Amino acid sequence: MIKVAIGLFVLGLSFGSGPCLASCGPLLLSFIAGTRKNIFKSLLTYTLFSVSRIAVYVLLSLLIYFLGRFVFTKVWVGFLRYLVMLGGIFIIILGLIIALGKSYKFKWCGSKKSVLI
């Protein structure tokens, strides 16, 4: 699980250096060129911008992770209990119908036309 998370994080970093650099790059480079004359300070400004962007992405992803975990444990598990019970009741009813020899033909299942093309 942790290998998948690290892989997705590295993928996000590499993806962020492509399209994001293409969209944010001209604006950032013009800002750096207009305010700084030293190359070292310009690279430091760009690095600070990139690190702050990554920090915001990490914080937002952690917020979504914990929110999803909360929703899953508090809301979905309660709903899942009733869904499993309804599914079990449905299967029992179908078993009783089959055991009694009853049948029900659905209109959409009785078509002689082939669904596949």
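How many helices and how many strands does the protein have? I counted 3 helices and 0 strands. Helices (H or I, at least four residues) and strands (E, at least two) are DSSP runs, numbered from the N terminus. From that end, the elements run α-α-α.

**Entry: ground rules.** I noted that this is a predicted model, where local features need pLDDT of at least 70, side-chain atom pairs count only at pLDDT 80 or more, and totals for chains, interfaces and linings use all residues. Residues are numbered from 1 along each chain as its sequence is written, and side-chain values use heavy atoms, leaving out hydrogens and water.

**Entry: confidence.** I looked up pLDDT, the predictor's confidence in each residue, from 0 to 100. The protein averages 77, and 80% of the residues score at least 70.

**Entry: burial.** I checked how much is buried (under 20% relative accessible area; exposed is over 50%, partly exposed in between; 1.4 Å probe, protein chains only). Buried residues make up 8% of the 117 residues. In H3, I found Ser42, Thr45, Ser50 and Arg53 buried.

**Entry: helix H3.** H3 spans residues 39-99 and has a kink of about 40°, centred on tryptophan 76. The bend at a residue is the angle between axes fitted to the seven residues ending there and the seven starting there. After H3 comes glycine 101, with a positive phi near 80°.

**Entry: leucine 80.** I placed leucine 80 in helix H3.

**Entry: rings.** I looked for aromatic pairs: rings of Phe, Tyr and Trp (its six-membered ring) with centres within 6.5 Å, called stacked with planes under 30 degrees apart, edge-to-face over 60 and tilted for the rest. The count came to 1 aromatic pair. Tyrosine 65 and phenylalanine 66 form it edge-to-face, at 5.0 Å centre to centre and 70° between the planes. Tyrosine 65 is partly exposed, because its relative accessibility is 44%.
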